[in-house]
Amino acid sequence: MTKNLSNLPKILVTAGSIITACYAATVSAHGGGATLDPAGNKAAFTALARVTCFDDGNGPAAHIVAKIRDNSAPIPGMFVSLQLLKGSKAISVTDTTPGDAQFSEQVSLQGGSGVYFMMVDKTIAGARDFEVEWHCMTANQVHTGTDIVVDQFE
């Protein structure tokens, strides 16, 4: 039985491209979203997560960067904000134009490797669909190890 191997190089290149694309997505894309206060009745609804920054072979973490996007239609006085906290350092950013499909400005917190707290909240009662993007970075702006655990969503 003779097998036709003329397509083997194309198959290998395609498979390699798919594997490379999937690997790149898992190591560098850190983001997620949800709906704050799905019932729409808690002004104090807060999401809390711990992001651990570590050396995954790309170098030790120097800082974390993050940004937030409010995907809901604008409501006067309602905004979503993101806070980062590590030790005695903190920073905050708010998406001031809800529903425009643009992320807030990116903020950076210099805290080295270890656990950062990331919180998302809103200003008044009502459901808000949001997305957050975060990355642990080395001093040379290279993406490094990033893990997350959600502790609270209420």
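Reply: Two strands pair if DSSP finds at least two bridges between them. Strands are DSSP runs of E with at least two residues, numbered from the N terminus. This is a predicted model, in which local features need pLDDT of at least 70 and side-chain atom pairs count only at pLDDT 80 or more, while totals for chains, interfaces and linings use all residues. Residues are numbered from 1 along each chain as its sequence is written, and side-chain values use heavy atoms, with hydrogens and water left out.

Me: In what order do the strands of the open sheet lie?

Reply: The open sheet has five strands in the order S5-S4-S7-S2-S9, and their pairing is antiparallel. Its edge strands are S5 (89-95) and S9, each of which pairs on one side only. On average, neighbouring strands of this sheet are turned by 20° against each other, direction ignored; such angles run from 0 to 180 degrees between N-to-C directions, with axes fitted as lines to C-alpha atoms.

Me: How many bridges join S2 to S9, and which residue stands opposite Cys53?

Reply: Eight bridges join S2 to S9 (residues 145-153), and Cys53 stands opposite Thr146 in S9. S2 (residues 46-54) also pairs with S7 (residues 114-122) in the antiparallel sense, over eight bridges; there, Val51 has Tyr116 as its bridge partner. S7 pairs in turn with S4 (residues 80-86) over six bridges, again antiparallel, and the bridge partner of Leu84 in S7 is Met118.

Me: Is Phe45 buried or exposed?

Reply: Buried means under 20% relative accessible area, exposed over 50%, and partly exposed in between (1.4 Å probe, protein chains only). Phe45 is buried, at 6%, whereas Phe153 is partly exposed, at 36%.

Me: Which ring does Lys86 lie over?

Reply: A charge sits over a ring if NZ of Lys or CZ of Arg is within 6 Å of the ring centre and within 35 degrees of the ring normal. Lys86 lies over the face of Tyr116, at 5.2 Å from the ring centre. Likewise, Lys67 lies over the face of Phe103, at 5.1 Å from the ring centre.

How values were computed
Helix = DSSP H or I, 4+ residues; strand = E, 2+ residues; numbered from the N terminus.
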